Amino acid sequence: MGLTNFTSDTDDDQTGSGPLGSGHGGTSGNVNVPAMPPMPGPGSDIHELLINYNDRFKNATPALFRDKLIEQTLAVLIRKDKPNPLIVGPAGVGKTRIVEEIARMIAIDHPTVPTALQGKIVYELPMASLVAGAGIVGQLEQRVTDLVNFAIDPSNNAVLFIDEIHVLAESENQTYQKIAQILKPALARGDMHVIGATTAQEARAFDDDPAFQRRFSRLIVDELTREQTIEILRSANASYMAHHNYRVLVSDEMLVLVAAIADELGKASQHRPDNAVTLLDQTLADVVVAHGAAIARAQQAGDQAIVQALQGMTNLSLTEQKIRGVALRLASGVAEKAPYNEQALRDSLSSMYGQDEVLEELLEALRRDQLGAFARTRPMAWMLAGPSGVGKTETVKRISQHLTGQAPIMLNMGDYSNEHDISKLNGSGPGYVGSQSNKELPFDTLESNPYRVILLDEIEKAHRSVHRLLLTALDEGWMRMSDGKIIDFSKVTIIATTNAAREIMGRPSIGFSVCSNAAARPDKQSLVKALKEHFDAEFLGRFQQIIAYAPITRDVYAQILNNAYGRERNRLLAENPRLGMMVPSLDASVLAATVDVTYLVEQGARPAERAARELIEDSIIASQQQHFANLAGEPNSANSNSENHSEDVAASPEPTQSAEAHDETSTTH
């Protein structure tokens, strides 16, 4: 056997399998199947169920890089007892293609095929077709019995191939249980030859049926390397260009890009070579459709010159931008990665006072990530540590808005403080309450759009088992749910916030000084050492950036309060001018007095918004009292109120800083 190809260059009736067989049309039961020998049994309909792989793939080109696995499969098939190989591997690695290659080798009398298998015919048995229409009591059993009789008859030379064979071992499905029970005796005696194929996750169903499991010999199919995938693309390229009448020509350079982009932008659940082959196929189709759409738009616009120019194009171009666009769409549906504008994000974050060094670190990390010099195989993960009210959560919200155009997936980790709360993230295990529930889980949205920001707010409040669940997502870029489904985290930005280790913030003994105008931040070593008292070392090691937020100083708090007051006053003037006119500009002495009363270092900027609103309400109340006193003819009372009010508000210049929305504490203006 030489190097092989995952495609067939024969006629349509021989190439329905596509490059990888399963999932590309090769295993469907509605294809044109060549005539087969008469089946045993009166009125038997077995011949309507089976697909003859020998006839279908006898003219296909050889499969690549699977020589050893094919030899192992052939060796199992000629065993005396239990000659039943079980091919196990991730989706998309070419399990079905191995069976197709064996059928081709038998059909052409390849010298590698053992004598015992010469003349055999490989038939695929679609399980859905076997069950369909067998609604009468005993009809299914009779059909399976006829199938077994056909398979064990030496004159038929049959080798059965069952794709997704794990369904026979699923205990909750009584229909497939019946089929398995009828097949077991023949499988154990070696009277029939059966090849099964399934994924590693779904193969776990065999663990619940040891009697069925021991009748098969498991063979593992590994994922191909990128270099091997490129070779497959080169072999497949001619057939794909021919499929589109050579309207799109693909250079070798573009094939290398297809393999690289498929790895970079594909989901974690996709594997080589299927991810690259699918990307090439879809990109070529998109180029052809886009060309037709361009002609249609030109015709609608009445521009015949452009129409003629487009129709005269014999070769359409395939570009890296087009390949990346298709890869993004395949990974995230209609969602696309939002364009990143660093200056816009900088302007947004600059309105947060007291954290200039922090914001520069974050922008630098984002700038490196946007370079795209290395393929993302794990999420970008940060931990923001600092006292309450310093702007950690607000930072994440603004970053998410600029990176994705939407709010982050926000998880309040206090909701996961118990060990059993882990099921809220990955679902209930089989047999537990809720295991059959279709309730949406927090990370399900990543299946439709993997380009999201996840906020793990106050991560220190979550149970340690939740931290351990997140280890794989943070390190490997995927998470397995309780039902076996894999969620891709490789394109995600995960940001955890924590108030842990806040006792070292602002304490001069660890090597930094505190003054009224400078934010005090601990060094990285001191911060990590303090965080280890709250988190496992391996959990902290999964974060690329652990950033300390400085406490809100008195001067910073005064700026926040001043701008919160100006923002609310401007809002009133715009929405309710009658009330807004009652609110004067904030006097410096009133600001200082309010800061004295409301500033608490442990609460950060949280009290500023409330204090600003109370000042405005006090001004409105004082103005209304003076107005009512004037109407009642009580100047002394009015003068008294006026004198008291002058203590709080007086004419002064407008706040010097522009105001923006302030959340959480947000050290915003």
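Residues are numbered from 1 along each chain as its sequence is written. In this predicted model, local features need pLDDT of at least 70, side-chain atom pairs count only at pLDDT 80 or more, totals for chains, interfaces and linings use all residues, and side-chain values use heavy atoms, with hydrogens and water left out.

Biologist: What is the order of the strands in the open sheet of six strands?

Modeller: Helices (H or I, at least four residues) and strands (E, at least two) are DSSP runs, numbered from the N terminus. Two strands pair if DSSP finds at least two bridges between them. Strand S1 (51-52) and strand S6 (217-220) are the edge strands, each pairing on one side only. The pairing is mixed, and the order is S1-S3-S4-S5-S2-S6.

Biologist: Which residue in S5 stands opposite Val-88?

Modeller: Strand S2 (residues 85-88) and strand S5 (residues 193-198) run parallel and are joined by three bridges. Opposite Val-88 in this pairing stands Thr-198.

Biologist: At what angle do the axes of helix H8 and helix H10 cross?

Modeller: Axes are lines fitted to C-alpha atoms, for helices over the stretch in contact, and angles run from 0 to 180 degrees between N-to-C directions. Angles under 35 degrees count as roughly parallel, over 145 as roughly antiparallel, 65 to 115 as roughly perpendicular and the rest as oblique. H8 and H10 are therefore roughly parallel to each other. The axes of H8 (residues 226-243) and H10 (residues 274-301) come within 10 Å and cross at roughly 30°.

Biologist: Why is H9 described as oblique to H10?

Modeller: The axes of helix H9 (residues 252-265) and H10 come within 9 Å. The angle at which they cross is roughly 120°, and that makes H9 oblique to H10.

Biologist: How many residues of strand S7 are buried?

Modeller: Buried means under 20% relative accessible area, exposed over 50%, partly exposed in between (1.4 Å probe, protein chains only). Met-380, Trp-382 and Leu-384 are buried on one side of S7, and Ala-381, Met-383 and Ala-385 on the other. Strand S7 (residues 380-385) is largely enclosed by the rest of the structure, because the number of its residues that are buried is six of the six.

Biologist: Which residue in S13 stands opposite Leu-384?

Modeller: S7 is joined to strand S12 (residues 493-498) by six bridges, in parallel, and there Leu-384 stands opposite Thr-497. S7 also pairs in the parallel sense with strand S13 (residues 545-548), over four bridges. In S13, the residue opposite Leu-384 is Ile-547.
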